[in-house]
Amino acid sequence: MSENLDQIVQGKAQKWLDGNYDSKTKDQVKYLMENDKKEFTESFYKDLEFGTGGLRGIMGVGTNRMNVYTVGMATQGLANYLKKAFPGKQIKVAIGHDSRNNSRLFSERVADIFAANGFKVYLFDSLRPTPELSFAIRKLECDSGVVITASHNPKEYNGYKAYWNDGAQVVAPHDKNIIAEVQKITSPDQVLTNGHKDNIVILDETFDAIYLDAVHSLSLSPEAIAAHHDLKIVYTPIHGTGVILVPESLRKFGFTNVVTVKEQNIPDGNFPTVASPNPEERATMKMAIDLAARQQAEIVLATDPDADRIGMALRDRDGSYILLNGNQTCALLVYYIVRRWSELGKLHGREYIVKTIVTTELVARIAESFGVKHFECLTGFKYIATVIRNLEGKMQYVCGGEESFGFLAEDFVRDKDAVSACSLAAEAAAWAKSQGMTLYDLLKEIYVKYGFFDEALVSIVRQGKEGQEEIARMMTQHRNNPPQSLGGSPVITVKDYLTGESLDVKSGRKTPIDMEKSNVLQFITADSTIVSIRPSGTEPKIKFYFGVRGELCCEDKFEETRQTMERKIESIKQEMKLI
């Protein structure tokens, strides 16, 4: 440890030892100081940053950890900003939380602070899916909201996401303004607590019914469900909030043969049956897939701990289960929803979908084929919500999604919603069955019609201060030395979302990118290969996204074409020295 860093760490820790912190916290600080220098440094070398996505970090004592004090100071900062944003108004907020360790503790702390500030607070009586929190903000006409969750991160993490009055996570200018207010709160002595408990209203299953009624209004094929109501579905909440509402939503849609993974039905912040509660990973989905194989289920559905991301596995003709990636899930749902809107006469020329810049181009092709416009935005569902807000009253939102397993089929929620996505995925399976197909058959049909789009993701994790610096160096290296070709095809366009410019490599001409600036690079080749690079905004990792495209002449050539596409992606990874 450098002498300067040592002084910073010691100074921050001493404030906790001298300040108005509880004795248990002080004892833990002393223990780290005397016995675990590395953890001591990581806990105090900086303040846990309240970024544009709120807080996310490892739980523990210290300024760089999630605890009642960092959560409390963030909440007071948010409260101070809300008072400035809505002067003279009775401010209303909604609060939800997932199944993680300390989530209830943190959510009650947030409720207490908001109540002490004179706000009317709606607090869910127990864990609930994040999308229901977004719904509550809109339905109850709140000015803001908070959900305590670290999504699909490992068990050591927790997080704090702030929402605005449209039910979406905060964006500019509010995000930066809230950060400025949070940074002014430097001591727990500035935090208002222990007052006005009567300001807190508890939301229970009565509110769940209102939300589920809204989700059920999305149903597009009730006749297909009636014909195939006994379609066998295996569902797992992976110890999270989905268990509260997903099975109930499937029953409300009309499905009568839903089997859950009993061992994973129990909400548990330690996620005891998985290494990581991330439905993107096959190991996480293993128990559900194994159960599906025993039960001969036609579709496997999963949700992450706060039930905003959907995982899906489909049975092929041989009885094997294919785990879909987020792009495939998004493409299937977009195709099903847009096609059904078309068949039901709901398309009138003013409808649109939204995708992020790292999500498959396939969904854009699908939308365009039905005369539905598509919009692109930065990675993160708050940007999809921004498009919806900006087009409200002008165009009709149909659906939107991102490669990271997030999908939204409605505008009464303004964040990704796995409750509705699971229900519509099951409905799509019933609809496909009524057409004599499985969902996996439908995916192949989509590839034949629109082209074979194959995608992959490489995430490189780098923890702590040194990891942060290494990720920054990697971005600088790729920014200063862009590849000339990828997979044998010349790079023709370089998009730098940080500078806000798109470079035509051949002419040298630069054109502005009409989006908020963000630390993302994209390299696009002559054969439509796209490689995107971005540091994660919520995790200590840098992500490399790969997208390639080929033609699929017929479904019989699916596996052969898939392998060709996979080899191409692997060759690009090698070129970029990622494997």
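**View A. His-239, a buried residue in a loop.** His-239 is buried, with a relative accessible area of 1%; buried means under 20% relative accessible area, exposed over 50%, and partly exposed in between, using a 1.4 Å probe and protein chains only. His-239 sits in the loop between strand E7 (233–236) and helix H10 (242–253). Helices (H or I, at least four residues) and strands (E, at least two) are DSSP runs, numbered from the N terminus. Although His-239 is not a glycine, its phi is positive, at about 65°. The model shown in every view is predicted: local features need pLDDT of at least 70, side-chain atom pairs count only at pLDDT 80 or more, and totals for chains, interfaces and linings use all residues. Residues are numbered from 1 along each chain as its sequence is written, and side-chain values use heavy atoms, with hydrogens and water left out.

**View B. Ala-307, a residue with positive phi.** Phi of Ala-307 is near 55°, a positive value in a residue other than glycine. The residue is placed in the loop between strand E9 (299–303) and strand E10 (310–315). Ala-307 counts as buried, at 0% relative accessibility.

View C. Ala-172 and Pro-173 are joined by a cis peptide bond, with omega about 0°. Pro-173 belongs to the loop between strand E5 (157–164) and H7.

**View D. Helices H4 and H7.** Two packed helices are described by the angle between their axes and the distance between the axes. Helix H4 (residues 68–85) packs against helix H7 (residues 174–183) at an angle of about 120°, and their axes are 8 Å apart. Axes are lines fitted to C-alpha atoms, for helices over the stretch in contact, and angles run from 0 to 180 degrees between N-to-C directions. H4 and H7 are therefore oblique to each other; angles under 35 degrees count as roughly parallel, over 145 as roughly antiparallel, 65 to 115 as roughly perpendicular and the rest as oblique. H4 contributes Ala-74, Gly-77, Leu-78, Asn-80, Tyr-81 and Lys-84 to the contact, and H7 contributes His-174, Asn-177, Ile-178, Glu-181 and Val-182. Contact means heavy atoms within 4.5 Å. By class, the contact of H4 with H7 has 5 nonpolar, 4 polar and 2 charged residues; Ala, Val, Leu, Ile, Met, Phe, Trp, Tyr, Cys and Pro count as nonpolar, Asp, Glu, Lys and Arg as charged, and the others, Gly among them, as polar.

**View E. Helices H12 and H13.** Helix H12 (residues 326–343) and helix H13 (residues 362–369) have axes that come within 9 Å and cross at roughly 5°. H12 is therefore roughly parallel to H13. The contact is made by Cys-330, Ala-331, Val-334 and Tyr-335 of H12 with Leu-362, Val-363 and Ile-366 of H13. By class, it has 7 nonpolar, no polar and no charged residues.

**View F. Arg-128 and Asp-208.** Arg-128 lies in the loop between strand E3 (120–124) and helix H6 (130–139). Arg-128 is buried, with a relative accessible area of 4%. The side chains of Arg-128 and Asp-208 make a polar contact (2.8 Å). A polar contact is a pair of N or O atoms within 3.5 Å; within protein, one must be able to donate a hydrogen and the other to accept it, and residues adjacent in sequence count only if both atoms are side-chain atoms.
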